[in-house]
Amino acid sequence: MLRRSALLRASFVCACLTAAPAAQSGSPSWDARLRDATEASNIRASIERLSAHPHHVGSPYDKANAEWILAHFKEWGWDAEIESFSVLFPTPTERLLELVSPTRFTAKLEEPAVPADSTSDQKSEQLPTYNAYSIDGDVTGPLVYVNYGRPEDYEVLERYGISVKGAIVLARYGESWRGIKPKVAAEHGAVGCLIYSDPKDDGFGAGEVFPRGPMRPPDGAQRGSVMDMPVYPGDPLTPGVGATADAKRLAVKDAPTLTKIPVMPISYEDAQPLLASLTGPVVPPEWRGGLPITYRFGPGEGRAHLKLAFSWDQKPLYDVIARLRGSTYPDQWVVRGNHHDAWVNGAEDPLSGLGPMLEEARVLGELRKQGWSPKRTIVYCAWDGEEPALLGSTEWAETHATELQQHAVAYLNSDGNGRGFLQAEGSHALEHFINDVARDITDPETQLTVWKRAQARAIDRAKPEDKEKVRARADWRIGALGSGSDYTPFLQHLGIPSLNIAYGGEDSSGIYHSIYDDFYFYTHFLDTDFAYGRTLAQTGGTAVIRLADADLLPFRYANLADTVRTYDEELQQLVKKKRDEIAERNRAIADGVFAAINDPRRPKVVPKPEPVPPTLDFTPISRSIEVLTRRAVALDEARAAAAKKSPPAAVLGPINAKIAQSEQQLLEAAGLVHREWFKHLLYAPGFYTGYGVKTMPGVREAIEQAQYQAAPAEIARVSKALEREASWLDSIAKMINAIK
Ligand SMILES: [Zn+2]
């Protein structure tokens with residue numbers, strides 16, 4: 001496959017005002033010096049130190065880590081401080097799960113220490129296995145297996161005539177964000193929810209288990225938040241405002257993002273007796289996991305008792321914020337972040353991303369001593385409280401919302417790293433920029449550029465009919481951002497252009513959010529020599545220097561227009577597919593197809609006919625995209641023409657400020673319907689998928705949730721936002737064309 005990459009397109013050459021400035025004529029550029037100066041050994045040392053003890057929100061080592069990070073930023077010449085918030089962070093006081101009939105079994109709910117892994121025995125400092133922001137509860141009920149617990153899984157249950165009313169559902173991890181599982185279960189009347197890690201997904205079905213291999217051992221369980229973050233992330237008690245000491249707070253009982261039913265994660269060792277107790281029909285093949293039992297839906301005689309109680313405490317957050325002041329445009333900020341808190345020791349999540357970010361900061365400090373002075377102000381942020389609910393980033397972004405919307409030109413996020421391919425998602429106006437960065441970064445194992453590897457993989461993964469398009473496109477296409485990390489408040493609440501970067505895709509592991517995600521594990525099974533840690537530091541550092549020093553900010557709107565067109569096409573196809581499917585099913589119902597194929601001994605419920613969705617008129621969006629495309633192309637041409645001039649900072653400053661605010665034109669002040677915190681009309685986490693991105697979420701979810709009467713208004717909102725963006729780009733082009 002790699003040999004085929006010789007056929008790939010030659011690098012895209014651009015003439016623009018954004019080329020990285022040379023340090024001195026004849027010497028390497030500052031970003032080239034950064035790439036040279038980053039060292040894997042420093043990344044290894046900081047990850048080893050920061051992962052030495054559990055460091056979740058509110059723990060002593062979380063605070064110690066924040067202070068250690070602060071001291072290093074200061075040592076490297078940054079102006080740094082800790083900004084603190086107070087947030088609701090529940091921790092368990094009681095966890096009980098037992099099978100009460102037909103046999104008795106009490107779940108262990110413990111991850112044992114592994115002798116070879118020296119930090120796995122820090123029992124007194126570890127959070128037990130639990131799901132944060134589950135409510136307290138004491139429930140008993142029949143068990144029902146619901147596969148991944150997505151809305152479509154309940155449609156299958158309905159065909160089998162199985163209800164979860166009054167039941168405790170058993171869902172497996174995967175396919176949707178974990179917080180969606182209890183949300184959908186509660187909507188269907190369940191009284192409790194258990195989420196287990198099936199060995200087929202990340203246990204022995206996928207490879208040798210830890211400590212012999214990297215996959216999840218039988219008693220390993222995945223901690224994690226189950227807050228309803230598609231409504232709003234951050235402190236549940238202070239929606240929309242910073243959780244400062246004097247903030248107005250909701251009462252805990254009124255917080256809408258806590259779960260409606262008690263929820264707990266369990267291991268597959270604990271899940272097996274529960275699953276084995278289920279009777280009822282055998283599940284369809286795609287519902288079967290990897291345990292040596294027959295997977296059935298339930299309910300049966302199996303009844304479970306789940307009792308959970310939490311201590312509902314306010315806990316302090318320690319965000320470390322460090323600044324290097326810009327020399328030419330101090331009021332324009334390039335913001336870079338990665339969280340520092342973990343569920344337990346967190347060598348992989350988040351330290352494999354934080355270690356490289358700290359190495360960037362060290363080298364940026366070095367370069368400054370060597371005479372470099374960034375034109376824009378650089379702000380590095382080590383967030384606290386990402387794991388429970390994007391707490392540190394959200395509260396900081398809410399506190400500084402006005403300043404950020406005026407001053408931030410971009411936000412660059414990372415959150416963990418591994419071996420393999422560059423992964424980048426984010427604002428499509430930054431797509432060309434990150435492609436240019438990727439063309440200058442060398443993959444440490446193949447010596448190809450990371451751009452070439454990423455593009456080769458995109459070709460390999462494309463559908464046959466799309467391969468030619470992928471080859472022909474000058475830029476490798478980046479994905480859109482849903483949620484799942486600290487970029488969310490910046491992009492989706494404030495409209496700050498954002499990117500998320502990481503390397504990965506070569507190794508899989510089953511220790512996510514367990515006590516085994518630690519230094520021993522990372523150095524045995526993941527980026528063991530931190531070579532890709534160094535590559536991430538080179539990538540992040542190069543991006544930061546170029547954003548900080550570009551005369552004209554490197555945004556390319558033709559990429560945005562081109563990508564938005566694909567969203568429009570996808571939505572039109574989605575409506576057509578829905579119409580075809582429902583019409584066909586209605587016909588099958590009317591013709592008696594379901595009745596005729598039903599097994600009289602095991603009859604399923606015949607579905608009811610549904611109204612065929614109306615056709616929707618997408619012309620307003622399509623027309624706005626045409627206008628946006630014309631304006632985008634005109635602006636990109638204006639930039640290219642302006643590259644031959646060298647205007648003074650006084651002329652460029654206001655143009656750059658305008659470019660930085662272009663993403664805000666895509667926001668709607670009133671926010672999305674039912675979740676006004678999310679204001680971006682192009683991207684949001686799915687209401688029923690969690691982190692998976694929904695592009696043009698208002699329109700898409702109206703279609704997916706069969707609320708067709710709402711769709712025309714949503715189409716109009718998107719169309720207007722695209723027009724606002726188009727005229728914004730037009731005004732930028734006019735400013736650039738007026739440069740003498
Ligand atoms: Zn993380």
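Asn-147 is placed in the loop between strand 4 (137-145) and helix 4 (151-159); helices (H or I, at least four residues) and strands (E, at least two) are DSSP runs, numbered from the N terminus. The model is predicted, so local features need pLDDT of at least 70 and side-chain atom pairs count only at pLDDT 80 or more, while totals for chains, interfaces and linings use all residues. Residues are numbered from 1 along each chain as its sequence is written, and side-chain values use heavy atoms, with hydrogens and water left out.

Asn-147 has a phi near 60°, a positive value in a residue other than glycine. Its relative accessibility is 2%, so Asn-147 counts as buried; buried means under 20% relative accessible area, exposed over 50%, and partly exposed in between (1.4 Å probe, protein chains only). A positive phi, near 70°, is also found at Glu-175, a residue of the loop between strand 5 (168-172) and helix 5 (180-187). Glu-175 has 55% relative accessibility and therefore counts as exposed. Most residues other than glycine have a negative phi, and most peptide bonds are trans.

Two cis peptide bonds are described next. The bond that joins Ser-101 and Pro-102 is cis, with omega about 0°, and Pro-102 sits in the loop between strand 1 (79-101) and strand 2 (105-106). The bond from Gly-298 to Pro-299 is cis as well, with omega near -10°. Pro-299 belongs to the loop between helix 7 (268-276) and strand 9 (303-324).

Strand 1 and strand 2 are joined by a hairpin through three residues. These two strands run antiparallel and share two bridges; strands pair if DSSP finds at least two bridges between them. In this pairing, Leu-99 stands opposite Phe-105 of strand 2. Ser-84 has Tyr-318 of strand 9 as its bridge partner.

The largest nonpolar core holds 203 residues, of which Phe-73, Trp-78, Leu-194, Tyr-196 and Ile-266 touch the most other members. A nonpolar core is a set of buried Ala, Val, Leu, Ile, Met, Phe, Trp, Tyr and Cys residues joined through side-chain atoms within 4.5 Å. A second, separate core has nine residues, including Leu-672, Trp-677, Ala-684 and Phe-687. When residues up to four places away in sequence are not counted, Ile-266 touches Leu-97, Leu-109, Leu-170, Leu-194, Ile-195, Tyr-196, Ser-197, Ala-221, Ala-271 and Leu-274; contact means heavy atoms within 4.5 Å.

The zinc ion has His-339 (NE2), Asp-349 (OD), Asp-415 (OD) and Asp-415 (OD) as its protein donors, at 2.0 to 2.7 Å. Donors are N, O and S atoms within 2.8 Å of the metal (3.2 Å for Na, K and Ca); water is not among the atoms, so sites may look incomplete. Along the chain, the donors follow the spacing H-x9-D-x65-D. His-339 lies in strand 10 (residues 329-339) and Asp-349 in helix 8 (residues 347-369), so the pair ties together parts that are 10 residues apart in sequence. His-339 and Asp-349 are both buried.

Glu-663 occupies the loop between helix 21 (649-660) and strand 15 (683-685). Glu-663 is buried, with a relative accessible area of 5%. Apart from neighbours within four places in sequence, the contacts of Glu-663 include Ser-427, Leu-491, His-680 and Glu-725.
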